[in-house]
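Please read it alongside the sequence and coordinates shown here.

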Amino acid sequence: MAERNPRWAFARTTAFRVTLLHLVLTLAGTALVGGVAWWVTAGFAMRQAAQEIERGMGVLLQSGALSGARGVALSIEARLAADRNGQEYYLLAAPDGQRLAGNLSGVSSERGWREGAIRLPDGGETPVLMYAQPLPGGGALVVGRDLSAARALEQRLLASAVWVGGAVLLLGLAGGLLLGRSVARRAAAMEASLASVQGGDLDHRLVVGRGGDEFDRLAARINATLDRLQTLMSALREVTDDIAHDLRTPLTRLRQRLDEAARAPDPATIAAAQAEADRLLEIFAALLRIAQVESGTQRAGFAPVDLSAIAESVAEVYAPAAEERGQTLATAIAPGVMLTGDPALLTQMLANLVENAVRHGRSGGRIGLAITSDEVVVSDDGPGIPEAEREKVFRRFHRLDASRSTPGSGLGLALVRAVAELHGMEITLGDAAPGLRVRVALPRAA
Amino acid sequence: MPDVRGGTVRILVVEDDAETAAYVARGLEEAGHVVDRATDGQDGLFLATGGGHDVMVVDRMLPKLDGLSLVRAVRAAGIATPVIFLTARTGVGDRVEGLEAGGDDYLAKPFAFAELLARINALARRPPMKQEITVLRVADLEMDLIRRAVTRSGKRIDLQPREFRLLEYLMRREGQVVTRTMLLEGVWDFHFDPKTSVVETHISRLRGKIDKGFARDLLHTVRGAGYVIRADG
């Protein structure tokens, strides 16, 4: 690859290349216009001269047919006498080549068109178009017209073509350079901004002009993408912190159990260590599952799902567990609520919500599971969630202080939200007065 | 160790992680099974086509030939040996993929050995033809699959539809340990582990209906493994 001289950076810009192409096309157009102009002006003068020659030749041949060489000579003399501008040239040559009449000499008498320079009496030269015609009885007739006017016109046309072409070339080139420079400058500014973002300054944003042109729109779009990236990055950092923090506790406990078992091997201690390890593995599995759901790859396997049937099945699974706590699980499930989704994930979403209600609801209380064509509502009459905490419970590992002592990883609702978002559902927490009311708004049926 | 009845089962374990392979093989041998081992997909395919195995345990991620391709090749060769996939991947789609490739069961790593053993036993003893069975019997407990009626000692027992399915699942595997996860998957189609003791409560209700008031218990809990229904104590 050739060495890249920054001074020629503008030459590599798209704008400059487009300008060059444009310039070539413009020059071609100018050349076409010039050609047409040439044809209708200079060409016209030539054609006019040729027509006059043909006409003159015709008249002279006619007079020759009527009154012989003498008549032709007389006609030539008369014409020359009438030609005040010295535009016309004639030669009537005898069979031996001698001039019988006219003002031309030393020209070929072979049939055909030719052009030549004729020496003038004042010593100058002038271009002349001639036609020579051999005569039936020997000898030849040559008729010519002065071309100096046509030639002068051609000269002027050529000169203006050069000027116009040069001007078009220069203007186009200058325009291309300016455009290329400006595009290159704006692109370089964007590039520099992005480079500093890449370098770690995630807060840096591109300057968006007020013009609203494609560069401004691009810059705005890039800024929006950077905003999203930053949100994701901070979410990632938050999750990483949470994971590190929340895995430390079970790992510490595992370590303690193993220490105990090392001192005094006892099946109960080993079983406790195993339980801690299982819990850790469970947390990892849940985290992976949430991550997988959030990645959205499951959407590819979406199929029509009967949410009502899933809800019935979940209710049936949890009814005995609720009863064991003296709770009643009251269902109001509209039949045949269909949506497009992943049945396994939707099952888990509903199961997690019902399970949450069973675990956090008041013992002896009432748990509601209602499904209509536009929403799922799961409610309990437990302590509920204070309004300030409601958004946080969807975060991974977030657990209310009140429920720290009950088993649970704090990942259930995070998964619920991930599944809901995957399916385009909106989830809101409300007050069931008393208790928690979870409402999942179903997407509008397509 | 959970009780394993019947003849020796010959198992092919295709697993590249030496430690997992050794752990699985040791456990299966202790349970009285014969184990062949392969550490990559090609050897696995070679051993599998040799035939003579009752169950194959295949890791999804294998060198040379991955587990899915291995099982597809085995199935293409007309070998119907039941296959259980092991995988470190827990995605919902992965399970479906494995079953579509010709696998019969799917177990995510890490797994409890009891879980694997129960599933292997279930696959090894799967009755070849199920459709002709219309009545399941365990001691004096009888399930009529056509009339969907259950009696014990001739006494009619009323079951909810899901309890019926649970009992049917257990009775079809008489004498085999059935784990909690197998029940969740097989009876309720739950492919995750609920925090609440849903399986336990369902089992205890079922027990209340089929065992309570009778001299002999049929539905037993196997500690650390699962449940089993069987006639002898």
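In what order do the strands of the open sheet of four strands in chain B stand, and is the pairing parallel or antiparallel? The order is 6-7-8-9, and the pairing is antiparallel. Helices (H or I, at least four residues) and strands (E, at least two) are DSSP runs numbered from the N terminus, and two strands pair if DSSP finds at least two bridges between them.

The model is predicted: local features need pLDDT of at least 70, side-chain atom pairs count only at pLDDT 80 or more, and totals for chains, interfaces and linings use all residues. Residues are numbered from 1 along each chain as its sequence is written, while chains are lettered from A and ligands numbered from 1 in the order in which they are written.

**The sheet of chain B**

Strand 6 (135–138) and strand 9 (155–157) of chain B are at the edges; each has a single partner strand, so one side of each lacks a neighbour in the sheet. Neighbouring strands of this sheet are turned by 25° against each other on average, direction ignored. Axes here are lines fitted to C-alpha atoms, for helices over the stretch in contact, and angles run from 0 to 180 degrees between N-to-C directions. Helix 6 (residues 161–172) of chain B packs on the sheet, where it touches strand 6, strand 7 (141–144) and strand 8 of chain B, and its direction makes about 70° with that of strand 6 of chain B. Strand 8 (residues 149–152) and strand 9 of chain B run antiparallel and are joined by three bridges. Arg152(B) has Lys155(B), in strand 9 of chain B, as its bridge partner.

**Chain totals**

A residue is buried if 20 or more other C-beta atoms lie within 10 Å of its own, exposed if 12 or fewer, and partly exposed in between, with C-beta atoms placed from the backbone. Two residues are in contact if these C-beta atoms lie within 7 Å.

The predictor's confidence in each residue is pLDDT, from 0 to 100. In chain A the mean pLDDT is 83, and 94% of the residues reach 70 or more. Over residues 402–407 of chain A, pLDDT stays under 50, and the model has six contacts beyond four places in sequence for this stretch.

**Cores and interface**

A nonpolar core is a set of buried Ala, Val, Leu, Ile, Met, Phe, Trp, Tyr and Cys residues joined through C-beta atoms within 7 Å. The largest nonpolar core has 107 residues, of which Tyr318(A), Val354(A), Val419(A) and Val57(B) touch the most other members. Beyond its neighbours within four places in sequence, Tyr318(A) is in contact with residues including Leu329(A), Val354(A), Thr196(B) and Val198(B). A second, separate core of 23 residues includes Ile76(A) and Leu147(A).

The contact between the chains takes 26 residues from chain A and 20 residues from chain B. Helix 7 of chain A supplies eight residues, the largest share of the side of chain A that touches chain B.

**Arg37(B)**

Arg37(B) lies in strand 2 (residues 34–38) of chain B. This residue counts as partly exposed because it has 18 C-beta neighbours inside 10 Å.
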